[in-house]
Amino acid sequence: MVTIIDYKAGNLTSVKLAFAALGVETQVTADPAVIRAADRIIFPGVGAAASAMANLREAGLDCVLKEVTAAGRPFLGICLGMQILFDHSEEDGGTDTLGILPGQVRRFPDVPGCKIPQIGWNQVNDREEYYFVHSYYVEMNPFAEGVTEYAGVKFASCVRKDNILAAQFHPEKSGRVGLKFLSDFLAWNP
Amino acid sequence: MLTKRIIPCLDVIKGRVTKGVKFQNNIDLGDPVEMALRYSDGGADELVVYDITASAERRPIDIGMVAAGAKAMRVPLAVGGGVSCVEDMSRVLLAGAEKVSVNSLAVRRPEVIREGAKAFGAQCIVLGMDPVKADDPRCPSGYEITTRGFRERTGMDAVEWAKRAVELGAGEIVVNSVDADGTRQGFELKLTQLIADAVGVPVVASGGAGNAQHIADAFTIAHADAAIVAGMIHTGDWTIAQIKEHLAAANVPVRKTW
């Protein structure tokens, strides 16, 4: 059983369908008690940092996230769910985020020919392509396990620290390589 | 490097995929869910499905089809047709689509773009447009927006409309040339480039793809970020793998493993 945190930041259907394709049951919840009891947690998210943080605080989930990530259970942040694990984002005029991982989230620079948001399939570590949709990125940091380049910027597209894994791309929409990423997460025992 | 996307388009009438020229003389090509799965497994980078008669029949989009398609596919799905309000967008997205495309609706009521972008994020809201060549002082770009499956002219300039839609929150624009649609003689490169160079969001070339070089041209000459293919793959003349092989040889970055 995988527990997907619902904090009103985007559509969870694709995430649920991807785990269903792997034959894994999911539960979607915003209940702190259920999240505290979960053994594998998915923290998805699409949208803007400020409203996501406001929703988390309102639901009392900001503290719960700090607790469960510190408790050592496998935790996967996806897209905005990756970005708001860090200290601060440039989005919405500057937003303090959860600070579970050290680092900054910045907006892609305006570069001729590079549209924002980045939408589409881009390589991670010069190997397989995964599906990205985002305007902001996590700066390179010591926990970057995957590196991707866009608009002249090399950014952390996948990070891992202790029991926390996070991806800027959408494994749930990245075809077979994405399903492999999710099944590796399911088998992971940090 | 970000790769250029190849996006098969499925036009659905009464639950079946069809293909016509300029929305006429449609022939039956198969079951949408089966075709979506085949293309998704065959290297498509996304899929777009239009329920093309939903608006004309004054009914909402076929949600069962969207849900079945989304369940079968593991690449992003965009859906259009029969979307008349934010509530309809919500149903499409909750059924598992990544993006929802608005076209005639946005012309009638541009605010729906802003409402959709606010509710779901700009990346979910695609503006579809059907411009036609026009000699009209109201359309300095030389292209006029049509609506309702090319049936009505609007007097709106295509480039100005694209810019306005992006201001309102559209995250992507599909530029479907009325003149090129279904001809398989190549995309309308000038139109595509005018819009691709005018806006900061990704632009998808649509209408007219007949061979892989047409698609390469959309990327290298017209600066498109993605290209829609229909007839050329539905008939079996080309596979997505063959198209990508040609693009890679022309130094266009494409996703090669799937």
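This is a predicted model: local features need pLDDT of at least 70, side-chain atom pairs count only at pLDDT 80 or more; totals for chains, interfaces and linings use all residues.
Let's start with the nonpolar cores. The largest one counts 89 residues, and L47(B), V100(B), I173(B), I195(B), V204(B) and A227(B) have the most contacts inside it. Take A227(B): leaving aside residues up to four places away in sequence, it touches I6(B), I7(B), V204(B), A205(B), A209(B), I215(B) and A218(B). Another core, of 58 residues, lies apart from that one, with A18(A), V68(A), M82(A) and C158(A) among its members.

Now for a helix pair in chain B. The axes of helix 1 (residues 32-41) and helix 2 (residues 63-72) of chain B come within 9 Å and cross at roughly 25°. That is under 35 degrees, so helix 1 of chain B and helix 2 of chain B are roughly parallel to each other. Their crossing is right-handed. Here is who makes the contact:

| Helix of chain B | Contact residues |
|---|---|
| helix 1 | P32(B), V33(B), A36(B), L37(B) |
| helix 2 | M65(B), A68(B), G69(B), A72(B) |

By type, the residues of this contact of helix 1 with helix 2 of chain B are seven nonpolar, one polar and no charged.

Finally, the two chains meet through 29 residues from chain A and 27 residues from chain B. On the chain A side, the elements giving two or more residues are helix 1 (13-21), strand 8 (118-123), strand 9 (129-134), strand 11 (144-150) and helix 6 (175-187) of chain A. Strand 8 of chain A supplies the largest share, six residues.

Methods:
Residues are numbered from 1 along each chain as its sequence is written. Chains are lettered from A and ligands numbered from 1 in the order in which they are written. A nonpolar core is a set of buried Ala, Val, Leu, Ile, Met, Phe, Trp, Tyr and Cys residues joined through C-beta atoms within 7 Å. A residue is buried if 20 or more other C-beta atoms lie within 10 Å of its own, exposed if 12 or fewer, and partly exposed in between; C-beta atoms are placed from the backbone. Two residues are in contact if their C-beta atoms, placed from the backbone, lie within 7 Å. Axes are lines fitted to C-alpha atoms, for helices over the stretch in contact, and angles run from 0 to 180 degrees between N-to-C directions. Helices (H or I, at least four residues) and strands (E, at least two) are DSSP runs, numbered from the N terminus. Angles under 35 degrees count as roughly parallel, over 145 as roughly antiparallel, 65 to 115 as roughly perpendicular and the rest as oblique. A crossing is left-handed if the near helix is turned anticlockwise from the far one by less than a right angle, and right-handed if clockwise. Ala, Val, Leu, Ile, Met, Phe, Trp, Tyr, Cys and Pro count as nonpolar, Asp, Glu, Lys and Arg as charged, and the others, Gly among them, as polar.
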